[in-house]
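Subject: Structure handover

Hello,

Here is the structure I promised to pass on. Please open it alongside this email; my notes follow below.

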Amino acid sequence: MVIPSVRAQATPTPTGLGIVQTAVQSFQASPPTWQSALLSNIIIFVLGSPILLSGLSHPGIGAAFLLGTLTWRAFGPSGFLLVATYFVIGTAATKVKMAQKEAQGVAEKRKGRRGPGSVIGSSAAGCVCAFLSIFGVGGKAFSHLWELGFVASFCTKLSDTVSSEIGKAYGKATYLITTFKIVPRGTEGAVSIEGTIAGLLASIVLSFVGSLMGEINIPEAVICVIASQIANLGESLIGAVLQEKEGFQWLTNDVVNVLNISMGSILAVLVQYIVLQNWYS
């Protein structure tokens with residue numbers, strides 16, 4: 001009697017190829033899941049750590065990781081690329097003439113490396129839009145409005161950052177928004193021609209990226225640009241009238257950032273929902 005031999009089945013072990021395939025599947029997951037968002041961000045943040053460290057502190061990177069994961073889950077790779085573009089342009093503008101800004105006392109702390117407060121303050125409105133999208137608030141009819149608000153919030157913040165940093169670097173004269181009197185660079189509520197133009201161009205570039213990625217269309221890109229400029233005007237008024245005044249010590253730059261991007265996001269959503277809907281009906 002011949003007893004058949006029993007072959008031991010090898011337990012499958014993860015291979016390099018398997019890991020790559022898992023990563024590719026995560027990038028391509030549609031719609032995005034929390035798992036795919038988490039894995040994609042881990043890979044991107046590990047590979048991009050040198051770039052991230054140039055513009056963020058270590059706690060700031062932690063906050064950015066949470067933002068990136070939330071963004072990927074809500075709006076997929078296109079939303080993530082929009083935020084990445086915002087980060088690259090904003091960091092580059094912050095680094096412009098850093099030595100001059102430091103000498104004048106108007107440079108960002110840590111040589112422009114932003115902390116978690118700045119990350120949260122700059123992305124709060126976008127995070128709200130992401131959560132509204134994830135949980136389907138308003139149903140399918142509102143899903144695109146939340147994406148529009150998301151794009152508008154980052155267009156607003158990038159415009160604000162670039163106008164401020166380029167104004168501090170190249171502004172020949174800075175004017176207080178309420179009186180148009182010439183004031184020192186870095187004064188709250190001050191604007192410059194050079195900075196204002198740079199900020200406008202930055203919002204145009206980022207809104208174009210949003211339309212290129214399919215997040216918004218061209219008319220909506222125009223809405224984002226207009227909303228960002230109105231919001232930045234409001235932010236300058238807040239800075240000139242209230243910030244650093246007695247009784248408003250709580251109105252820090254991070255708080256003003258939240259108000260600024262919230263104005264840009266809300267304006268864009270309202271224009272799209274109320275004005276354009278009535279126009280086409």
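I266 is found in helix 10, which covers residues 253–280. Its relative accessible area is 52%, so I266 is exposed. The exposed cut-off is over 50%. W146 is 120 residues away from I266 along the chain, yet their C-alpha atoms are separated by 9.7 Å.

Please keep in mind that this is a predicted model.

**Overall layout**

The protein chain has 10 helices and 3 strands. From the N terminus, the order is α-α-α-α-α-α-α-β-β-β-α-α-α. The chain has 281 residues, and 44% of them count as buried. Take the contacts between residues at least 6 apart in sequence: 72% of these join residues at least 24 apart.

**The nonpolar cores**

In soluble globular proteins, nonpolar side chains tend to be buried together. Here, the largest nonpolar core has 32 residues. Those with the most contacts inside it are L82, F150, V151, F154, V162, L206 and C224. Five helices each supply at least two residues of this core: helix 4 (58–95), helix 6 (116–134), helix 7, helix 8 (193–212) and helix 9. Helix 7 gives the most, with 10 residues.

What does F154 touch, leaving aside its neighbours within four places in sequence? The list is L67, L82, V83, Y86, S122, S123, G126 and L206.

**Helix 7 against helix 9**

Two packed helices are described by the angle between their axes and the distance between the axes. Helix 7 spans residues 140–170 and helix 9 spans residues 218–241. Their axes come within 8 Å and cross at roughly 50 degrees. That angle makes helix 7 oblique to helix 9. The crossing is right-handed.

On the helix 7 side, the residues in contact are H144, L148, V151, A152, C155, T156, S159 and D160. They meet E220, C224, S228, Q229, A231, N232 and E235 in helix 9. By class, this contact has 6 nonpolar, 6 polar and 3 charged residues.

**Helix 8 against helix 9**

Helix 9 also packs with helix 8, at an angle of about 150 degrees. The axes are 9 Å apart. The two helices are therefore roughly antiparallel, and their crossing is right-handed.

Helix 8 contributes G199, L200, S203, I204, S207 and S211 to the contact. Helix 9 contributes I218, A221, C224, V225, S228 and Q229. The classes divide into 6 nonpolar, 6 polar and no charged residues.

**Helix 4 against helix 6**

Helix 4 and helix 6 pack with their axes 10 Å apart, at an angle of about 40 degrees. That makes helix 4 oblique to helix 6. Helix 4 passes helix 6 in a left-handed crossing.

From helix 4, the contact takes in P59, G60, A63, A64, L67, L70, R73, A74, F75 and Y86. From helix 6, the residues are P116, V119, S122, S123, C127, C129, A130, F131, S133 and I134. By class there are 15 nonpolar, 4 polar and 1 charged.

**A buried glutamate**

Is E165 buried or exposed? E165 lies in helix 7. Its relative accessibility is 2%, so E165 counts as buried. Leaving aside its neighbours within four places in sequence, E165 is in contact with A93, T94, K101, E108 and R114.

**Two loop residues with positive phi**

K97 sits in the loop between helix 4 and helix 5 (98–104). Its phi is near 50 degrees, a positive value in a residue other than glycine. K97 counts as partly exposed because its relative accessibility is 36%.

R110 is in the loop between helix 5 and helix 6. Phi of R110 is near 55 degrees, again positive in a residue other than glycine. At 46% relative accessibility, R110 counts as partly exposed.

Best wishes

Technical notes. Residues numbered from 1 in each chain as written. Predicted model: local features only at pLDDT ≥ 70, side-chain atom pairs only at ≥ 80, totals over all residues. Heavy atoms only, no water. Axes fitted to C-alpha atoms, helices over the stretch in contact; angles between N-to-C directions. Helix = DSSP H or I, 4+ residues; strand = E, 2+ residues; numbered from the N terminus. Parallel < 35°, antiparallel > 145°, perpendicular 65-115°, else oblique. Left-handed = near helix turned anticlockwise from the far one by under 90°. Contact = heavy atoms within 4.5 Å. Nonpolar A, V, L, I, M, F, W, Y, C, P; charged D, E, K, R; others polar. Core = buried A, V, L, I, M, F, W, Y, C linked by side-chain atoms within 4.5 Å. Buried < 20%, exposed > 50% of the residue type's maximum accessible area, 1.4 Å probe, protein only.
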